[in-house]
Amino acid sequence: MSGTTALTEKWPVLGRHEQAAVWLQIWTDLGRAPRTIDAYARGLAEYLVMCERENVEPVTAKRAHIAVL
């Protein structure tokens, strides 16, 4: 997962959520453009930071949690 290694260095929160790296690697393997992957990673990182801040699991977050972003 060398492509996602740089992203986890840029956004450490991605490294704390194993599924985040897996998801980004899938998109990389599908041949998405590097800037697209970077944009996905940035958005995912913002979401995961909010989940950590609000103490909510990423897969169970509700609209009210996401509205905090």
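Is the crossing of helix 2 and helix 3 left-handed or right-handed?

Reply: The crossing of helix 2 and helix 3 is right-handed; a crossing is given that name if the near helix is turned clockwise from the far one by less than a right angle, and is called left-handed if anticlockwise. The model is predicted, so local features need pLDDT of at least 70 and side-chain atom pairs count only at pLDDT 80 or more, while totals for chains, interfaces and linings use all residues. Residues are numbered from 1 along each chain as its sequence is written, and side-chain values use heavy atoms, with hydrogens and water left out.

Helices here are DSSP runs (H or I, at least four residues), numbered from the N terminus. Two packed helices are described by the angle between their axes and the distance between the axes. The axes of helix 2 (residues 18–29) and helix 3 come within 10 Å and cross at roughly 165°. Helix 2 is therefore roughly antiparallel to helix 3, a term for angles over 145 degrees. Axes are lines fitted to C-alpha atoms over the stretch in contact, and angles run from 0 to 180 degrees between N-to-C directions.

From helix 2, the residues A20, W23, L24, W27 and T28 meet I37, Y40, A41, L44 and L48 of helix 3, where contact means heavy atoms within 4.5 Å. These residues divide into 9 nonpolar, 1 polar and no charged. Nonpolar covers Ala, Val, Leu, Ile, Met, Phe, Trp, Tyr, Cys and Pro; Asp, Glu, Lys and Arg count as charged, and the others, Gly among them, as polar.

The largest nonpolar core has 16 residues, and L7, L14 and L48 have the most contacts inside it. Such a core is a set of buried Ala, Val, Leu, Ile, Met, Phe, Trp, Tyr and Cys residues joined through side-chain atoms within 4.5 Å; buried means under 20% relative accessible area, exposed over 50% and partly exposed in between, with a 1.4 Å probe and protein chains only. Helix 2 and helix 3 each supply at least two residues of this core, and the largest share, 8 residues, comes from helix 3. Leaving aside neighbours within four places in sequence, the contacts of L14 include A20, A21 and L24 as well as A41, L44, A45 and L48.

The loop between helix 3 (34–54) and helix 4 (63–66) holds N55, which is exposed at 72% relative accessible area. N55 has a positive phi of about 55° although it is not a glycine. T60 lies in the loop between helix 3 and helix 4 and is partly exposed, at 42%.

Definitions and conventions. Angles under 35 degrees count as roughly parallel, over 145 as roughly antiparallel, 65 to 115 as roughly perpendicular and the rest as oblique.
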